[in-house]
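Dear colleague,

Please find below the structure that I am handing over to you.

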Amino acid sequence: MKQITAGIVAHVDAGKTTLSEALLYRAGALRQLGRVDNGDAFLDTEALEKKRGITIFSHQASLQYDDLNLTLLDTPGHLDFASATEQVLPVLDVAILVVSGPAGVQGYTRTLWRLLARYQVPVFIFVNKMDAVGADRDTVLAQLKTQLDDGVIAFDADHALADAALEDVATTDENALATYLETGTLPDDKVQDLIARRKVFPVYFGAALKLTGVDDLMAGFAKWTREATSTPEFGAKVFKISHDDKNERLTWLRVTGGQLRPKDLVLGDQKINQLRIYDGAKYTVAPVVEAGQVCAAVGLVDTFAGQGLGVAANAQAPLLQPVLTYKLDPMQEDLHACLAALQTLADEDPQLHVTWSSHLQELRVQIMGAVQLEILQQILRDRFGLTIGFDAGSILYKETVTQAIEGVGHFEPLRHYAEVHLLLRPSPRGSGLQFDADVSLEVLGKNFQQLVLASLRAKEQLGVLVGAPLTDMRVTLVTSRSHLEHTVGGDFKEATWRALRQGLMTLREKGACQLLEPWYRFSLEVAQSQLGRAMTDIQRMSGRFEPPVDVGTEMALLTGVAPVSEMQNYAQEVSAYTHGKGQLEVLVDGYRPCHNAEAVIAARGYDPVGDLENTPGSVFCAHGAGYPVHWDDVPRTQHLANVYDDAALAAMTQGDSDDK
């Protein structure tokens, strides 16, 4: 029997969970068709989901149809919970993208399409709600082709493709076209191959709530999907961490090769105590899980979403990142109890980035938006018994560098010794922080080199403008020195952190540190008579826009980018001046240079030298005692000569600029 794992993804309210229910019902896995608005949807298993009427967490169900054994992973549709959706994508054989017939391609639909392309997931499209007013098949199909991919082709029937569709399929690939022109047809396995290689994206039309089009989609899945190849060696990909009602930690994974059994050692000396195969809220205990199957493992403690086990590689770092930071107000609750609860939730969703400052006695989280914040408060109340609040929130800024520099850190209190030189270089936008070493083993042993790199990864490294996280920078260990008798591991950690900060402070003096802020990519639809107002607003918000496009006879569409800090509350303004007829869609489009950096830096008043947890100064030793050296005096007292002179650093910076 063919084993396929499929994820269902969609813009919120497109009918994603309704389609999941319909597929399960038509396959006989459900006796009664549940509904989201009634709070009895089979895959919305959490009380909070039933209350809210939205999917917040990913859920698993199974069905069989003919020779197809299908594992369904339902995912959240709201942008605030997009990280849970992205976590699922690396384990999918195929995705079902649900599009609302009346609404067509929406902002989050395009984001999902980019994510599916990033993880190279084949896609079937189901255009839902075709029974609703305003849903037009030809209009939606044309929109799918122009806004998503020209390989979107209607596959309505569950039998052989119609001639017109077959010809469209053939034109997506040179070899397929040659076969079609020679024989007048295409073998089924060739069509399966084109779908698997993301050349063709079958689209079906229907209304899931009325069960129309659902059978065609299911038959298409059975005929046109192809089972993934597996390896004989054990491999698995982790896509989710959760805790059950008994607080047992569950590691959700897809086995990609070999078999998995209870008591197997899959991570160091950690054993799996139990393997569960879930179907909605219920599960069965499995004695063995085969390649291609999805399960939840009990007993593992150091796993994380995106991790590869066995021969499987780790997934890429997630693309979607939170852009807002909130400080927790414990109200009457114990602050350490709040920290413990948030650390548990951060284990399940690392994108929360929970940080604790012992100096400020302050807890912070990073989130995507207001709905996620409300859900977080509800979870803390229902699950942990904590009634807390959050401050008004602020933009999550980041920092980077625009020039190369060699930073030096020295740590030499009495009977300790380490000196570290780090090369800091700008890297392309969106690349994050990268650490590596370029040192001969004769200069510094492998263990000490690994210790330097581990120290860089051990905590979130902050910039020196406002103390925001660093990004888009490569940090390379270029030379170092230890002492045969006096060097211990902690010395390298201290020297490494100081070297990074010393380099940043030097760049700050040169004006080569840069503040970054998140920007939205927006789509704003207003009446043509209101277009002038909208364009003026975008310019006032320091945004940029493309030439407006007419939409119908009275409406115009304006697209572009603008800072999140300026546009995050603009939806209410649009609703007011358009009397509810305008529509604003925004999606985070990454980080760009801050439009008002000087004002933000002045308002934050961050003192990088006074940040004792991230000091840029060094410690040297003389006359049997250690003494502090200010960061700008380190070049005059360091023991090792710099590897790079100013000319080499300047040339390196120019090279990085050319690469960008």
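In what follows, two residues are in contact when they have heavy atoms within 4.5 Å of each other. Please note that this is a predicted model. Among contacts in the protein chain between residues at least 6 apart in sequence, 73% join residues at least 24 apart.

As to the overall form, the protein chain contains 19 helices and 34 strands. The C-alpha trace spans about 90 × 65 × 65 Å along its principal axes. For 660 residues, a compact globule would have a radius of gyration near 26 Å, and the 28 Å of the protein chain agrees with this. Of the 660 residues, 52% are buried.

Helix H14 covers residues 531-540 and helix H16 covers residues 570-577; their axes come within 12 Å and cross at roughly 160°. Angles over 145 degrees count as roughly antiparallel, and the crossing angle therefore makes H14 roughly antiparallel to H16. The crossing in which H14 passes H16 is right-handed.

Which residues of H14 and H16 meet? On the H14 side they are Arg 533, Ala 534, Asp 537 and Arg 540, and on the H16 side Tyr 570, Glu 573 and Tyr 577. By class, the residues of this contact comprise three nonpolar and four charged, with no polar ones.

Yours sincerely

Terms used
Residues numbered from 1 in each chain as written. Predicted model: local features only at pLDDT ≥ 70, side-chain atom pairs only at ≥ 80, totals over all residues. Heavy atoms only, no water. Axes fitted to C-alpha atoms, helices over the stretch in contact; angles between N-to-C directions. Helix = DSSP H or I, 4+ residues; strand = E, 2+ residues; numbered from the N terminus. Parallel < 35°, antiparallel > 145°, perpendicular 65-115°, else oblique. Left-handed = near helix turned anticlockwise from the far one by under 90°. Nonpolar A, V, L, I, M, F, W, Y, C, P; charged D, E, K, R; others polar. Rg over C-alpha atoms; globule rule 2.2 N^0.38 Å. Buried < 20%, exposed > 50% of the residue type's maximum accessible area, 1.4 Å probe, protein only.
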